[in-house]
Amino acid sequence: MATDGDVMLRCTDLRKSYGPLLAVDGVSFEIRTGETYGLLGPNGAGKTTLISMVAGVLEGDDGAVALDGLRMDPSALDAKALIGYVPQDVALYPDLTARENLRFFASLYKLGRQEARARVAEVLDVVGLSERADDQVKTYSGGMKRRLNIGAGLIHRPRLLILDEPTVGVDPQSRNAILASIEALSAEGMAVLYTTHYMEEAERLCDRVGIVDLGHLIAEGPPRALTAELGQAEHIVMAVEGDLAAAVAAVDALAVAGRTTGDAGVLDVLVTDAESALPLVMEAATSSGAAIRSVNVQEPDLEVVFLHLTGKRLRD
Amino acid sequence: MTPLAIAGVNLRRTLRDRTNAFFVVLFPLLMVMVVGLAFGGEFTPRVAVVVERTGPLSEALVDQLESSGGFEVERVDDRAEAVEGVETGRLSSAVVIPEDYDSVLAEGGDALVEYLSTADRSAQQIGMVVRASVDAQSSRVKVARVLQDRLGDDLGTNLARTDQAAGSLQEVSVVTSTTGTALFPEDLGRFDLGASSQLLLFVFVTSMTTAAALIETRRLGVSRRMLSTPTRVSSIVAGEALGRIGIAVVQGIVIMVGSALIFGVSWGTPLGAVALMVLFATVAGGAGLLLGAVSKNPQQAIGAGLLVGLGLSALGGSMMPLEFFSPTMLTVAHFTPHAWAADGFATLVRRDGTVLDIFGELGVLLAYAVALFALGSWALRRRILQGD
Amino acid sequence: MPASLLIAWKDLRQRFRDRSAIMLAVVVPLALAAIFSMIFGPASTPTAFEYALVDEDRSPVSRSFDEDVLAYLEDEGIATVDEMEEAEARTAVSDGDLDAAFLIPPGFADRVQSRAPARLEVVGSVDAATATDVARSVASSYVQGLNAVRVAVAGVAHQGGSLTEGELQEVAQQTVAAAPPVTIEDISADAHVLDLKTYFAAGMAVFFLLFTVQFGVSSLIEERSDGTLSRLLAAPVRRSSILVGKLLTSVALGVVSLTVLVLGTSLLLGASWGNPVGVGLLVVSGVLAATGIASVVASLAKTAEQAGSWQAVVAVSLGLLGGAFFPVQQSGQLMATVSLVTPHAWFMRGLGTLAGGGEALAVLPAVGALLLIAAVTGAVASTRLGRIVEP
């Protein structure tokens with residue numbers, strides 16, 4: 001079996017169009033063994049399409065995907081055996097029990113009967129569903145279904161786990177649990193490919209983050225490095241009453257001010273040093289006729305990075 | 001949004017998809033061909049006649065068969081070919097005149113003619129005519145033998161005498177008439193209400209098995225989305241149902257008009273026929289609505305749809321004609337809408353009835369439709385509101 | 001275990017869970033067989049026809065019609081005969097209370113015994129075609145006998161001058177007493193022709209066929225909308241295995257349900273399907289052909305809704321075209337040829353060869369045709385494979 005050093009996943013120049021719509025445009029990235037890699041981007045960025053190509057569910061128009069040196073495409077059974085797939089929508093058979101679902105998927109990954117039974121019990125334990133294992137999935141709450149959804153991707157001990165926005169619409173408690181379990185898996189040495197549009201998750205989980213927008217990979221690196229790259233370390237957030245546009249224009253005109261945006265009564269400006277810039281910014285805002293209701297200084301984050309790179313917010 | 005608007009959207013969605021339009025509207029043209037060729041225009045069943053060795057008596061029997069009218073006689077070379085023709089369904093029946101027919105009769109013995117037919121009703125009718133022809137020839141030979149006995153000479157001479165005597169008389173005959181305005185005898189070998197019973201089967205079964213579609217709509221939450229708009233649930237339900245009935249009606253009309261125009265199939269007076277068909281389609285739609293509302297998934301809908309669709313159709317005389325039914329079964333049959341619709345068509349086609357003549361049947365169908373819709377709407381409403 | 005079997009087994013388990021499998025495989029065929037046996041059962045001993053006799057002649061000739069011919073019908077349970085006036089009889093037939101009436105006009109016997117033409121009238125109800133046919137047939141054969149005597153008498157007279165009363169009687173007696181020299185024997189039972197019950201049972205079975213096989217294919221579309229299809233695609237399973245697995249579900253359910261229908265109609269209805277091996281071959285090949293057709297239809301559909309409605313139309317149309325309920329072949333050469341496109345026509349044909357004690361191997365041509373249909377449709381469906389299994 002060919003291997004690729006410690007590179008678990010290598011994507012080279014992936015391209016995919018749906019008719020006139022170019023969903024993925026020349027994306028390349030790598031994931032190492034044991035690494036958690038996040039794909040961060042808003043809805044419509046092409047994340048799901050990318051994921052589908054990596055999982056061998058979709059055939060790209062161009063480019064190559066390799067899993068530990070094995071070429072991945074829809075017919076590559078050996079490569080598929082290495083990945084675990086957790087789709088965005090819960091993909092389980094509602095009229096079968098959790099145990100039956102897991103056993104079925106285990107059989108598809110060619111686990112022997114003994115091994116399957118043991119593994120199913122293990123996974124049920126990990127996702128905390130051992131008690132309800134013999135109830136039909138349609139009786140589960142949303143959170144439980146999501147946990148099982150992830151469990152189904154783990155059943156065969158994959159080398160790379162792919163999760164497509166696993167926490168969308170999930171309550172905070174379940175979300176926390178999910179994130180914790182992914183951290184645990186990562187600690188055990190599993191490579192993880194994680195897509196999300198929540199930057200807190202990306203910051204928390206990922207060793208490296210790739211930022212995608214409109215089918216392009218526009219930046220890549222550890223979260224810290226990305227934010228540091230900006231050079232402008234902090235941003236000032238002010239709740240403003242009055243003419244927001246005028247305030248934004250006034251602040252933006254300042255030399256110390258980096259990217260300035262105004263949205264829903266909130267003015268957001270990037271600065272290198274908040275302490276020195278703050279009085280200038282506040283003055284500029286008030287002089288434009290606006291009244292400041294509150295002021296906040298925030299550490300930079302990926303949201304800011306994204307905003308900076310694309311002029312758009314991560315969350316719409 | 002009124003029900004009509006919803007129905008309109010459904011129909012537009014249906015017809016916009018070209019493949020859908022093909023299957024739903026054009027494919028039924030196949031039905032037109034089947035119904036048309038089977039039940040339209042002139043139909044003459046074919047009866048094969050095998051003459052194993054020709055002779056004057058054999059030929060006389062063939063002539064008798066040919067002149068009986070009602071079917072076309074096809075002379076076939078050998079028995080095997082005739083048997084094969086009947087077995088493959090190409091021929092309705094076959095008559096085999098054996099090799100020794102002439103010789104046996106000439107010697108004063110009895111001859112046996114073999115007859116072979118399919119089991120359907122049309123073949124039974126033809127069988128009676130064939131029997132009558134054989135009887136006529138048998139009678140002729142019998143009289144000739146009597147003459148031979150009393151007058152002497154050979155059979156041939158006496159046959160000539162018999163024919164001469166027969167020609168000099170005007171025969172005793174049977175005259176048949178019917179009390180309907182349809183002429184009798186009907187085209188032999190064809191069930192006159194076949195076209196309508198096939199149409200009823202088609203409309204009902206397709207409606208029942210497409211009930212699954214309603215489940216998809218529920219599932220996709222479209223109905224729920226419509227609920228959040230200022231639309232009454234009853235309107236939503238009515239709209240869904242109307243759309244489906246509309247399709248069934250379009251299909252039915254395509255089949256009726258197509259087969260009538262192209263093949264001359266008789267459906268009775270247009271107004272009456274269309275009224276019957278529309279009401280029956282409504283009943284079918286209501287049944288489909290109810291089924292779609294109570295089924296949990298498409299597979300259940302298919303299974304139940306089949307049972308009810310085929311079962312009711314069979315009970316209602318759409319597969320085996322009602323005239324075969326015993327009195328008990330006939331009563332049972334009239335619990336199905338099919339039997340009433342079939343009665344309606346019988347009145348229209350056989351007795352040249354008008355819409356007024358089938359008011360009773362139309363009324364019953366209307367009652368069925370109303371009941372099924374009420375039930376189906378209630379069930380669907382519950383399902384939607386329960387978020388199922 | 002190969003992936004296709006794993007998938008098929010999972011599907012079947014789901015179908016058992018929602019009871020649709022039992023429904024389709026057992027309940028529906030048994031219920032249909034029961035319904036058909038209800039329809040045929042009491043009707044297989046047909047109820048007596050209801051006739052009336054209007055005898056306005058009241059002669060030995062007309063009485064003989066009543067006492068010999070009609071009485072025989074009554075004794076054999078074929079018909080009941082009531083005597084009544086003409087007006088009453090006509091009304092009764094018109095209202096449907098009677099199936100047919102025999103009208104013997106006044107002076108009938110006189111005319112029969114002279115050379116004048118005589119007519120016996122049969123008035124039939126338009127809704128009782130078979131009863132009327134039988135009445136007409138009965139009257140015709142009676143009248144045939146009368147004609148024979150007349151011709152015999154005329155023939156003898158022609159040669160030897162007029163006859164005495166005694167000679168006339170003699171000739172008449174001799175003619176009447178003579179056995180018919182030509183008789184007809186129905187050999188249909190020995191031929192490979194389906195009897196009525198089996199014909200209808202077979203038609204029902206074959207019609208049913210194209211509906212049951214929708215299951216597997218519709219479940220494929222279900223998986224897509226459930227989201228589980230993408231999981232199957234991500235697993236180390238060939239796309240072809242996914243499709244084969246789905247089709248296996250169809251085939252399994254199709255074969256089981258048809259078998260139950262065959263057994264059910266044999267037991268409940270008394271249909272005689274013929275050699276079991278032959279029937280088995282036909283069932284399996286028929287199911288394969290039907291599955292192929294259902295796959296083609298489904299491969300063109302985008303949603304389960306579309307697939308469902310198209311399958312229904314195709315199933316009914318092909319069923320009728322294939323002669324499931326009336327013998328389309330007799331409607332002309334064109335129809336007979338076109339019907340051979342359907343699996344239904346071949347299935348019926350195959351069954352026909354088994355009738356009358358045919359051997360199992362006789363079905364091979366029909367089986368071959370069915371497998372050919374399966375192969376062709378299967379090929380077409382699989383080229384459209386990509387469409388179905390696209391997430």
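**Where chains A and C meet**

I looked up the contact first (heavy atoms within 4.5 Å), and it takes 30 residues from chain A and 23 residues from chain C. I noted that this is a predicted model, in which local features need pLDDT of at least 70 and side-chain atom pairs count only at pLDDT 80 or more, while totals for chains, interfaces and linings use all residues. Residues are numbered from 1 along each chain as its sequence is written, chains are lettered from A in the order in which they are written, and side-chain values use heavy atoms, leaving out hydrogens and water.

For the buried area, which is the accessible area (1.4 Å probe) that two parts lose on being put together, summed over both, I found about 2,400 Å² between chain A and chain C, with carbon and sulfur atoms giving 61%.

I then found 1 salt bridge between chain A and chain C, a term for a side-chain nitrogen of Lys or Arg within 4 Å of a carboxyl oxygen of Asp or Glu. Arg17(C) forms a salt bridge with Glu100(A), and their closest N and O atoms are 2.6 Å apart. On the side of chain A that touches chain C, H3(A) gives the largest share, 5 residues; helices here are DSSP runs (H or I, at least four residues), as are strands (E, at least two), numbered from the N terminus.
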